[in-house]
Amino acid sequence: IAYRTFEVCPNPGKYGSFRAVVPVKGGTVTVCCSESGITACSTVPGGTLKFGGTVLPMEPGKTVCVNR
């Protein structure tokens, strides 16, 4: 079963920075966290980045950013 939409809701917790690549149906989602903010990029449509009260739609191949 696959989903048409998905949410990326990173929780950095005690980590100052990290990079993660997560497989999704038909592609991947890459999330990077640094002291300055969060960036996310998906190769498939239907994603939403949610972080710190900010909600941004994710378009395939385009990076979205949220400052910390």
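Within strand β5, Leu49 is the bridge partner of Val8. Strands here are DSSP runs of E with at least two residues, numbered from the N terminus, and two strands pair if DSSP finds at least two bridges between them. β1 and β5, the latter covering residues 47-51, pair in the parallel sense over three bridges. The model is predicted: local features need pLDDT of at least 70, side-chain atom pairs count only at pLDDT 80 or more, and totals for chains, interfaces and linings use all residues. Residues are numbered from 1 along each chain as its sequence is written, and side-chain values use heavy atoms, with hydrogens and water left out.

β1 and β5 belong to an open sheet of three strands, ordered β1-β5-β6, with mixed pairing. At the edges stand β1 (6-8) and β6 (54-58); each has a single partner strand, so one side of each is left without a neighbour in the sheet. From one strand to the next, the twist averages 25°; axes are lines fitted to C-alpha atoms, and angles run from 0 to 180 degrees between N-to-C directions.

## The β2-β3-β4-β7 sheet

A further open sheet consists of four strands in the order β2-β3-β4-β7, and its pairing is antiparallel. Its edges are β2 (18-24) and β7 (63-67), each with a single partner strand, so one side of each is left without a neighbour in the sheet. On average, neighbouring strands of this sheet are turned by 15° against each other, direction ignored.

Strand β3 (residues 27-33) pairs with strand β4 (residues 37-42) in the antiparallel sense over five bridges. In this pairing, Val29 has Ser42 of β4 as its bridge partner. Strands of a sheet pair through backbone hydrogen bonds, either parallel or antiparallel.

## The nonpolar core

The largest nonpolar core has 13 residues. Such a core is a set of buried Ala, Val, Leu, Ile, Met, Phe, Trp, Tyr and Cys residues joined through side-chain atoms within 4.5 Å. Buried means under 20% relative accessible area, exposed over 50%, and partly exposed in between (1.4 Å probe, protein chains only). The residues with the most contacts inside this core are Val8, Val29, Val31, Ile38, Ala40, Leu49 and Met58. Two or more core residues are given by each of β1, β3, β4, β5 and β7, and the largest share, three residues, comes from β3.

Val31 has contacts (heavy atoms within 4.5 Å) with Val8, Pro10, Phe18, Arg19, Ala20, Ile38, Thr39 and Ala40, residues up to four places away in sequence not being counted.

Phe18 is located in strand β2 and is partly exposed, with a relative accessible area of 27%. Residues up to four places away in sequence aside, Phe18 touches Pro10, Pro12, Val31, Cys32 and Cys33. Between Phe18 and Thr30 there are 12 residues of sequence separation and a C-alpha to C-alpha distance of 11 Å. Thr30, placed in strand β3, is buried at a relative accessible area of 19%. With residues up to four places away in sequence not counted, Thr30 touches Arg19, Ala20, Val21, Thr39, Ala40 and Cys41.

Ser42, in strand β4, is buried with a relative accessible area of 0%. A polar atom of the Ser42 side chain lies 2.8 Å from the backbone oxygen of Val44. Beyond its neighbours within four places in sequence, Ser42 is in contact with Phe6, Thr28, Val29, Met58, Glu59, Pro60 and Gly61.

## Salt bridges

Side chains of opposite charge can pair when their charged atoms come close. A salt bridge is a side-chain nitrogen of Lys or Arg within 4 Å of a carboxyl oxygen of Asp or Glu, and by this rule the count comes to two. Glu7 lies in strand β1 and Lys50 in strand β5, so the pair ties together parts that are 43 residues apart in sequence. Lys50 is partly exposed, its relative accessible area being 31%.

Glu59 and Lys62 also form a salt bridge, with their closest N and O atoms 3.3 Å apart. Glu59 is partly exposed, at a relative accessible area of 45%; Lys62 likewise counts as partly exposed, at 48% relative accessibility.

Notes. Polar contact = N/O pair within 3.5 Å; in protein donor to acceptor, adjacent residues only side chain to side chain.
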